[in-house]
Amino acid sequence: MAGRDVTSQSNIHVMKTEADGSFKRKASTFRDFIAKDSQFTPDKGRYHLYVSYACPWATRTLITRKLKGLEDFIGVTIVSPRMGTDGWPLGDVDEFPGATPDPINGAKHIKDLYLRANPDYDGRFTVPIVWDKKTSTIVNNESSEIIRIFNTAFNDQLPAEKAKIDIYPEHLRAQIDEVNDWVYNSVNNGVYKAGFASSQQAYEAAVVPLFKSLDRLEEMLKGKTYLIGDTLTEADIRLFVTIVRFDPVYVGHFKCNLRTIRDGYPALHLWMQKLYWNFPEFKDTCNFDHIKTHYYWSHPHINPTRIVPTGPIPHILPL
Ligand SMILES: N[C@@H](CCC(=O)N[C@@H](CS)C(=O)NCC(=O)O)C(=O)O
């Protein structure tokens, strides 16, 4: 298909920062929900998830899918971690251990799916994506919403012990929303603001609040297993995916090096280790080979040699 030139949307090497050198993340555009009595009904096998193991936003959805026991309901395709000029390639275009081809659309790159869903799409070709096989479109490409869909949409069809798992319980919602808000701005997106900054000032404006928030999280997690209340919530999932990438990637590649998690934040570190080692949902969806290769390979404007550092050894310390 000889389509229009979408290189400026797919090639992260030419991605422009703002005039002051700061990185501003664009809002996601496909924002539908899966729900009874809607266009997208919760049918087993109807939806497919496209993700990268490298991407923290996408990994939120993988963790939640597993936690809720949705593996038989929603299939998964894993992209190659080497995001090039055409964006994310599928596993047959770039054979990387763990990456898979697209069994639904035969897409070669994630951009093919976006352009199939909307030929005029003018945003970035990001993962995660929830794809609807019935109407051949993207239902949702915003991870914070996808995990809420997974939390409830299929409950009627799940065994009781999975249906009752609730990562956004009513009585904790206000606290979760409040924490999500500053954690998103200064931590989840904060590492990207520091790493993608193209001026000293923009970098410092991101890295200082990032470590202030880590200090605040350290205080919150002293003597606690979970971030909010005494139950696992989406706030833990959303924070975990950033913290587990911190020492292996963000300290070096994104210059977030005021402290490491393992040496500077004992409570935060223990919280992360417990989630990783005690829950297969966290451990089995964490692939350090994809994570490290992705960042160090895919951003040649930051790391032109594409050398992937060997450490830290181990990537995550045992409990
Ligand atoms: N708001 C989105 C952000 C997703 C996102 O930015 N994903 C990155 C990977 S970590 C991506 O696919 N980037 C490709 C690009 O910008 O070209 C979400 O949370 O789902």
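**Charge pairs and overall fold of the predicted model**

K66 is partly exposed, with a relative accessible area of 24%. In this predicted model, K66 pairs with E71 in a salt bridge whose closest N and O atoms are 3.8 Å apart. E71 is likewise assigned as partly exposed, its relative accessible area being 33%.

A second salt bridge joins K111 and D86, with 3.1 Å between the closest N and O atoms. This pair links distant parts of the chain, 25 residues apart: K111 belongs to helix α3 (residues 110-117), whereas D86 is in the loop between β2 (74-78) and α3. K111 has a relative accessible area of 16% and is therefore buried, the cut-off being under 20%. D86, at 32%, is partly exposed.

R46 and D43 also meet through their side chains in a salt bridge, at an N to O distance of 3.4 Å. R46 counts as buried, with 6% relative accessibility, while D43 is partly exposed at 30%. Both residues belong to a network of salt bridges that includes D132. The count of salt bridges comes to 16.

R238, located in helix α9 (residues 234-250), is buried but has no salt bridge. The nearest side chain of opposite charge is that of E234, 4.4 Å away; a salt bridge requires a nitrogen to oxygen distance within 4 Å. Leaving aside residues up to four places away in sequence, R238 touches R60, S144, I147, N180, Y184 and N188.

K16 is placed in the loop between α1 (7-10) and β1 (47-51). With a relative accessible area of 71%, K16 is exposed. The C-alpha atoms of K16 and C256 are separated by 21 Å, the two residues being 240 apart along the chain.

At the level of the whole chain, the charged side chains number 38 positive and 38 negative, and the centres of the two sets lie 2 Å apart. The protein chain contains 13 helices and four strands. The C-alpha trace spans about 50 × 50 × 35 Å along its principal axes.

Of the 319 residues, 54% count as buried. The protein chain exposes about 13,800 Å², of which carbon and sulfur atoms supply 52%. Among contacts between residues at least 6 apart in sequence, 70% join residues at least 24 apart.

Note on methods. Residues numbered from 1 in each chain as written. Predicted model: local features only at pLDDT ≥ 70, side-chain atom pairs only at ≥ 80, totals over all residues. Heavy atoms only, no water. Helix = DSSP H or I, 4+ residues; strand = E, 2+ residues; numbered from the N terminus. Buried < 20%, exposed > 50% of the residue type's maximum accessible area, 1.4 Å probe, protein only. Lys, Arg positive; Asp, Glu negative; His and termini not counted. Contact = heavy atoms within 4.5 Å. Areas by Shrake-Rupley, 256 points an atom, 1.4 Å probe, with all protein chains shown as cover. Charge placed at Lys NZ, Arg CZ, Asp CG, Glu CD.
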